Amino acid sequence: MQAQAATLVIVGAGGHGRVVADAALAQQRWARVVATDRNPARSVGQLLPGVPLLPFDEAAALTGAHVHIAIGAADAREREARLFGDRLATVIHPRASVSAASTIEAGCFVAAQSVVAPGARLGMGVIVNHGAVVDHDVEVGAFSHVAPLSALGGGVVVGRGVLVGAGAAVLPLRRLADGVVLGAGAVVRVDLVEPGIYAGVPAQRVR
């Protein structure tokens, strides 16, 4: 188990960063929550009330602080995560439903009103956004994003760096290859074995 730390540093000062900061404050795990961004213009002021923005180098150098990468793009999230290694912290909103029989790796974010069911496994840096359902025995690969109000049926296997769009549904036992992008509202009825952009009901490759 990761040691406790007094400070959480949120890397990413955009909208997703604000969502993560709100959850971290509600979680009350850290005495201090700060944020930063590699863009100096976004590292001034406050991300939220009570969450000051610090210059990147200053925030990254805070001794013993935990770090959460709050960047939506999977490739950028992975690049930053690799820099911080065992300092990565998972943030789980207290109004999420997370089974004690699930497995969640470092650097994940689980938003309010989402569900992570028994036997589910989230790889490093996964985002489970507001109202999303990760049902029993689902595997979600590292740095994937399960967007708001989407649903992964029991036993689904999601590859690495996948985006499951808002309101999309993947029927039980289906598989999504690494790098799949599933459009909003799409329904997956068969395995998607090649990376690409898929949309529609049923989901079809469009690019």
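Q: If a residue counts as exposed when its relative accessible area is over 50%, why is L173 called exposed?
A: In this predicted model, L173 has a relative accessible area of 57%, which is over the cut-off of 50%, and therefore L173 is called exposed. L173 sits in the loop between strand 19 (169-170) and strand 20 (175-176).

Q: What makes the phi of L173 worth a remark?
A: Most residues other than glycine have a negative phi. L173 is a residue other than glycine, and yet its phi is positive, near 70 degrees.

Q: Why is Q113 called exposed, and where does Q113 lie?
A: The relative accessible area of Q113 is 52%, which is over 50%, so Q113 is called exposed. Q113 belongs to the loop between strand 9 (109-110) and strand 10 (115-116), and its phi is positive, near 70 degrees.

Q: What makes the peptide bond between V201 and P202 a matter of note?
A: Most peptide bonds are trans. The bond that joins V201 and P202, however, is cis, with an omega of about -5 degrees, and P202 is placed in the loop between strand 23 (196-199) and strand 24.

Q: Which residues of helix 1 are buried, and how do you know whether they lie on the same side or on opposite sides?
A: The buried residues of helix 1 are H16, G17, V20, A21, A23 and A24. Around the axis they cover an arc of only 165 degrees, which means that they are on the same side of helix 1.

Q: What makes strand 6 (91-92) and strand 24 (204-205) edge strands?
A: The open sheet is formed by 8 strands in the order 6-9-12-15-18-21-23-24, with mixed pairing. Strand 6 and strand 24 each have a single partner strand, so one side of each is left without a neighbour in the sheet.

Q: Why are strand 12 (residues 127-128) and strand 15 (residues 145-146) called paired?
A: Two strands pair if there are at least two bridges between them; strand 12 and strand 15 have 2 bridges, so they are called paired, and the sense is parallel. In this pairing V128 stands opposite V146 of strand 15.

How values were computed. Residues are numbered from 1 along each chain as its sequence is written. This is a predicted model: local features need pLDDT of at least 70, side-chain atom pairs count only at pLDDT 80 or more; totals for chains, interfaces and linings use all residues. Side-chain values use heavy atoms; hydrogens and water are left out. Helices (H or I, at least four residues) and strands (E, at least two) are DSSP runs, numbered from the N terminus. Buried means under 20% relative accessible area, exposed over 50%, partly exposed in between (1.4 Å probe, protein chains only). The arc is that of the directions from the helix axis to the C-beta atoms.
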